[in-house]
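Okay, thanks for coming, everyone. Let's have a look at today's structure together.

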Amino acid sequence: MNVMEMLQKQFQESAERLQTIQKDYSKALADRQTLDSQLNENRQVKEELDIATDDCKVYKLIGPALVNQDLAEAKTNVEKRISYISQELKRKEDVMKDLDKKQDEAREKMQEIQMQLQKLQQAPN
């Protein structure tokens, strides 16, 4: 295997690695968007529960049935959900930053290989 073939093989491997990273990034982005909408939804629920008085009835949907739930318990559950979703959002953002860095590294590697290939092609035989 000559140098040109080795560089072409390295370029192909780098391109495949970049594609894999981009797929992972797309999935992480979709997950982050889902978490973001869940967080907004839960914040709206919290706002509604905050304006509810103690004599208000609160129901929770469990399967096909609405079940009566204590207001304080409902508030606690929503706050826990908001906290959990916020932590998951932070984790997803960290994963996305890491994937961004990996994408940049893969692109740089591909550019280096491409420059080496061009030098080889331009060199006199």
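I'll go through the helices, then the hairpin, then the salt bridges.

A quick word on the basis: this is a predicted model, so local features need pLDDT of at least 70 and side-chain atom pairs count only at pLDDT 80 or more, while totals for chains, interfaces and linings use all residues. Residues are numbered from 1 along each chain as its sequence is written, and side-chain values use heavy atoms, leaving out hydrogens and water.

Let's start with helix α1, residues 3-51. Helices here are DSSP runs of H or I with at least four residues, strands are runs of E with at least two, and both are numbered from the N terminus. Helix α1 has 49 residues and reaches 71 Å from first C-alpha to last, close to the 72 Å expected at 1.5 Å a residue; that expected span is 1.5 Å times one less than the number of residues.

Which residues of α1 are buried? Among them are Leu7, Leu18, Ile21, Ala28 and Leu35. Buried means under 20% relative accessible area, exposed means over 50%, and partly exposed is in between, with a 1.4 Å probe and protein chains only. Their cover includes β1 and α2.

Now over to Gln103, which sits in helix α2. Gln103 counts as buried because its relative accessible area is 7%. Leaving aside neighbours within four places in sequence, Gln103 is in contact (heavy atoms within 4.5 Å) with Leu18, Ile21, Gln22 and Tyr25.

Next, the hairpin. Strand β1 and strand β2, residues 65-69, run antiparallel and are joined by 5 bridges; strands pair if DSSP finds at least two bridges between them.

Finally, salt bridges. What lets side chains pair up? Opposite charges can do so when their charged atoms come close. The rule here is a side-chain nitrogen of Lys or Arg within 4 Å of a carboxyl oxygen of Asp or Glu, and the count comes to 9. One of them joins Lys27 and Asp31, with the closest N and O atoms 3.2 Å apart. Those two are 4 residues apart in helix α1, so about one helical turn separates them. Lys27 is exposed at 54% relative accessibility, whereas Asp31 is partly exposed at 24%.

In helix α2, Asp94 and Lys90 are also 4 residues apart, about one turn. Salt bridges that share partners join Lys27, Asp31 and Lys92 into one network. Lys92 itself is in α2 and is buried, at 13%.
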